[in-house]
Amino acid sequence: MNGNQEAEYIQRLSGGSYEVFDYFYLKYAPLVEAFACALLKDKSLSEDICQEVFLRIWQRRRSLRGVMSFKSFLFTIVKHSIYDYYARGHVIPHEQNIQPEDLPELLGGDLAREEDLRDVLSLANLTVAAMPEQRKKVFLMHRRMGMNYQEIAAKTGLSVKTVEYHMSKALSQLKSLGTLL
Amino acid sequence: MGKKKDIISRYMSGSFTDEVRDAFGSWLSSPEDQQAKEDALYSEWEALAARDISDSTLDRRRKLSLIHRHIEQERKRSRPRTWAYIAAGLVSLALIAGLFSLSHSIRQSQPDAAASSVCLVSSSTSKGEFTLPDGTSVWLNIGSTLSYDSDFENAAIREVKLDGEAYFDVTKDGRPFTVKAGDFAVKVLGTRFAVRHTPLYDQDLVTLVSGSVNVSGESLGGFTLSPGEQLSYDRMLGKTSVRNVDTGDFVSWIRPHLSLEDCPLSKVIENLEHRYRVKVSTVGDIDLSSRITLKINNEPKEKIFTILSFLADCELRIIDEENVILICTK
């Protein structure tokens, strides 16, 4: 689609054309779903986001006047919908549970550069903060207070097996962050 | 920026738990270095857009129809009872195709409503043929409405209002005959022509079969059509164009029978679109010039389109709720 044609389509959509709306939906909905799914890791949630995005576009079609690229406009709406989704979930507190020096062991990646560290460290801390209460507690008792599994089990009243389970879950999640490096 | 781009890109192509997802989302949407993260996100968007994402057409259409339903519900909520004002003081009838002369029955059933209007409605499944009080014949296509004042017979000008698609064979009686549809009015003395004005299409059409008509509207200006000419008015763009057409393709729907012999597929589709009031979209590489012979005797659209799919050697899907028919390659 050339620029003139796109401008014409956008003008039509802002005037309330179902035909153009359908055209854009059929053309871009698969992209929106794939993009949302890559970020949210949940297929049915991504489908909901996609429907919501196009409904929003229809409701705000008048604000499309003057827009040059539908795809860029769409990106903005999609981005906001996804951020909204993140904000809808619990707000993760910023806690400093992991120290920079813990990272190589936990993530197993190659952390050569100082500037690389900051983003990964905050991701690691956020991941710990996002864990269910009990898992987080077990993880911190082990890492920060140096308690072994028996001691944690005795202190929390959980079985040793449960403590092991929580630890392995916590560690594998942090390890998965290593793949981002 | 380099690292952020890598993190975002790798996160998007990997698989992670919900906790990591939430952590990533919180990191991504945090105000820190926002521009760099958004730039990286946008380049992922562009990269994904460049890829061909496979999709099921049928499933996608189904989802689209859900949005349409949602939009429709919202529209109804914000503008309740669009029908109420039409229904007040006038008669609406769902009609089965056939010949009706309504002038008497309506006047009798509404003795008090001197200045009321008459409303002719065809149902969503059948067409109607009517004779107006002046002798003019009107064929109303599926799901269309035609209204006029009840003093139509004695008024100085004959005026009707159309929402949908109709074919008129106007009787000459010295008074002008005007069809109002959306933004424009079609003025004639005595002639045969068709008018389409429906939300299903962005383009309103006036097709002149014989005689002469004058089409005018605030945003159109004025046009005089000659036989065989069709005026198309794009409501969204406010653009008007006139072209020569084979008028038969646009008015064939008024007859119960239609015989298309050795016609290109494009022409067959044109005829069927008007006959069944559907929108036909082609998906993929369909040869619209392939020749087809088809006879129609009032069969339901499902049947005709199934036959057409055999003849054209393609796959057909009917998305009923939207009145959309897809023609796909096999």
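Modeller: The contact takes 45 residues from chain A and 39 residues from chain B. Two residues are in contact if their C-beta atoms, placed from the backbone, lie within 7 Å. This is a predicted model: local features need pLDDT of at least 70, side-chain atom pairs count only at pLDDT 80 or more, and totals for chains, interfaces and linings use all residues. Residues are numbered from 1 along each chain as its sequence is written, while chains are lettered from A and ligands numbered from 1 in the order in which they are written.

Colleague: Which helices of chain B supply at least two residues of the side that touches chain A?

Modeller: Helix 1 (2–13), helix 2 (18–29), helix 3 (34–50) and helix 4 (57–78) of chain B each do. Helix 2 of chain B gives the largest share, 10 residues. Helices are DSSP runs of H or I, at least four residues; strands are runs of E, at least two; both are numbered from the N terminus.

Colleague: Which residues touch the most other members of the largest nonpolar core?

Modeller: That core has 61 residues, and those touching the most other members include Val32(A), Leu123(A) and Ala23(B). Helix 2 (residues 18–40) of chain A brings the largest share, 12 residues. A nonpolar core is a set of buried Ala, Val, Leu, Ile, Met, Phe, Trp, Tyr and Cys residues joined through C-beta atoms within 7 Å. Buried takes 20 or more other C-beta atoms within 10 Å of a residue's own, exposed 12 or fewer, partly exposed in between.

Colleague: What is Ala23(B) in contact with, leaving aside neighbours within four places in sequence?

Modeller: Ile92(A), Leu123(A), Leu126(A), Thr127(A) and Ala130(A).

Colleague: New topic. Why does Leu180(A) count as buried?

Modeller: Because Leu180(A) has 21 C-beta neighbours inside 10 Å. Leu180(A) sits in the segment after helix 9 (160–177) of chain A. Beyond four places in sequence, Leu180(A) is in contact with Ile7(B), Arg10(B) and Tyr11(B).

Colleague: What about confidence? What is the mean pLDDT of chain B?

Modeller: The mean is 80, with 85% of chain B residues at 70 or more. pLDDT is the predictor's confidence in each residue, from 0 to 100. The model scores ipTM 0.88 and pTM 0.59.

Colleague: Where does pLDDT stay under 50 in chain B?

Modeller: Over residues 80–114 of chain B. Where pLDDT is low, the predicted coordinates should not be read in detail.
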